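Look at the model below before reading on.

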Amino acid sequence: MNANPLAGAGSIFRREMLLFRLKLARPSFVLSTMITPLMYMVVFGLGLGRQVRVDGGDYLSFLVPGLMGMAAMHNSFNWVASGLNIARFYHRTWQLVMLAPVSPVAVVAGNVGAGMARGLIATLLVGVAGLAAGWRPEPSVALPLALLLETALFAAIGMVIGLKTRGMEEHTTYTNFVITPMGFFCGTFFPLSNLPGWLSGPLHLLPLTHANIALRQPGLTAEALWALAALTAFAVALLAAAVWVVARYRE
Amino acid sequence: MIRIEAATRRYGAAVAVDGVDLHIAEGEAFGLLGPNGAGKTTLVRMLSTLARPDGGRLAVGGHDTVTQAGAVKRLLGVVFQENNLDRDLSPRQNLTFHARLHRLDHVEKRVAAMIGRLGLAAKADTPVDRLSGGQRRRLVIGRALMTEPKVLLLDEPTTGLDPAIRRDLWDLVRDIRDGGCTIVLTTHYVEEAEALCGRVGIINHGRIVALGSPEELVARHGGPRLEDVVVALGAGGRE
Ligand SMILES: Nc1ncnc2c1ncn2[C@@H]1O[C@H](COP(=O)(O)OP(=O)(O)OP(=O)(O)O)[C@@H](O)[C@H]1O
Ligand SMILES: [Mg+2]
């Protein structure tokens with residue numbers, strides 16, 4: 001009956017964006033998205049960073065793309081995972097989606113698409129804050145490509161975790177033990193080459209590391225292509241995992 | 001239309017539904033009457049395909065709720081015990097999302113017609129947050145009707161509403177019943193089951209302890225009213 005596996009994805013996406021628009025309209029959202037990255041920029045970029053040079057550039061030019069990568073991760077993950085938690089346990093609107101004749105692929109496409117949109121808007125806000133702080137980037141296609149893949153894969157993680165957890169506390173645990181540490185260890189604040197090999201090696205198993213590499217490349221260099229390929233592999237695997245979890249969802 | 005055979009569902013060591021057998025014919029309005037924790041919601045959730053039985057099987061329209069969940073979903077309209085609405089969105093937005101999710105045609109027209117039928121025209125574009133309990137309940141029931149289901153599951157459609165509003169909702173349910181839809185309705189209220197249902201099952205501790213028309217139950221278990229039967233069967237108390 002449903003020849004098109006994506007049928008219904010658009011309605012899910014539109015609803016999520018409708019709900020997001022209501023949040024975006026409140027100044028508190030914009031401020032709270034920008035406040036933490038802005039503090040990092042002031043403390044590390046302007047304060048501490050004056051004495052630091054990384055890879056031949058000033059520290060702010062190193063830091064801002066990293067903060068954008070971190071915002072992309074946090075926002076795409078959080079909106080999807082906590083949104084699903086609220087929809088499952090509080091509003092119970094998730095049950096409506098599960099009872100509708102839409103394929104798991106469509107459910108993932110709609111939710112991940114909305115997570116990406118929200119992650120990218122937050123990232124843009126951080127970029128704007130960076131420009132205000134004096135960041136002057138060289139335009140590079142590697143940056144938007146990395147952000148697209150990164151938001152897709154973290155939104156997919158958000159789906160898996162949002163559907164596997166049993167409430168908000170568990171969600172917070174994942175954020176504190178998985179997502180936040182990635183933000184500190186995957187090259188947001190300093191290049192991984194500063195770390196000893198036994199530590200930097202395993203960190204390449206984490207997706208944010210590759211996002212941070214690709215984000216800072218001046219264009220589609222070999223290094224950028226490798227990092228983008230790794231991100232693509234992560235995204236494909238995690239999207240497949242999300243489809244699998246949705247298909248098996250039962251209460 | 002509905003065949004339930006030895007349906008069982010456990011939560012840990014507790015048995016929420018314990019070997020329920022039940023057949024409900026097409027066009028029937030069936031009432032599931034029982035106290036808090038009796039297993040009504042669990043049974044409805046299994047019928048809806050959302051919850052899997054641990055034992056036995058359930059079928060709607062000849063389709064198994066586990067192996068043919070897709071076919072079951074296409075027959076069903078489900079009204080859960082909680083008003084699962086997007087509270088920041090308006091009735092119109094809530095209905096529109098549902099209609100699109102089910103890929104109905106002429107969405108705007110259908111939504112407008114349903115808002116009219118529910119008597120919510122004045123509140124059509126007000127956030128659901130600002131609707132009364134009765135209005136929200138209407139909206140949830142109306143939403144389930146958007147897809148013109150063959151079977152409607154109503155889990156406590158009127159709990160917590162004042163008597164006048166309950167009667168209002170009863171009229172709506174009668175209207176649906178008279179349209180030929182098969183209805184399974186759960187309730188704590190004896191008079192609700194009597195008013196709406198041709199047949200009633202009394203459920204307690206996950207088991208159906210009595211089954212028949214309200215009149216039959218009164219005759220069989222001693223009356224004078226259905227309420228007395230419920231009390232006599234030990235299903236009247238609160239847990
Ligand atoms: N998700 C759950 N986890 C653990 N136990 C549950 C869960 N859902 C229901 N139960 C238990 O299963 C039993 C039946 O619950 P159910 O919700 O089906 O009853 P009910 O008849 O709908 O009650 P009420 O009238 O209060 O809505 C109860 O003992 C309840 O505590
Ligand atoms: Mg219940």
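A residue is called buried when its relative accessible area is under 20%, exposed when it is over 50%, and partly exposed in between, using a 1.4 Å probe and protein chains only. By that rule, 52% of the 251 residues of chain A are buried.

This is a predicted model, in which local features need pLDDT of at least 70, side-chain atom pairs count only at pLDDT 80 or more, and totals for chains, interfaces and linings use all residues. Residues are numbered from 1 along each chain as its sequence is written, chains are lettered from A and ligands numbered from 1 in the order in which they are written, and side-chain values use heavy atoms, leaving out hydrogens and water.

Chain A has 10 helices and 2 strands, where helices (H or I, at least four residues) and strands (E, at least two) are DSSP runs numbered from the N terminus. Along the sequence they come in the order α-α-β-β-α-α-α-α-α-α-α-α.

The C-alpha atoms of chain A occupy a box of roughly 60 × 40 × 35 Å along the principal axes.

How far can the coordinates of chain B be trusted? The pLDDT, the predictor's confidence in each residue from 0 to 100, averages 91 in chain B, and 96% of the residues score at least 70. The model scores ipTM 0.87 and pTM 0.90.
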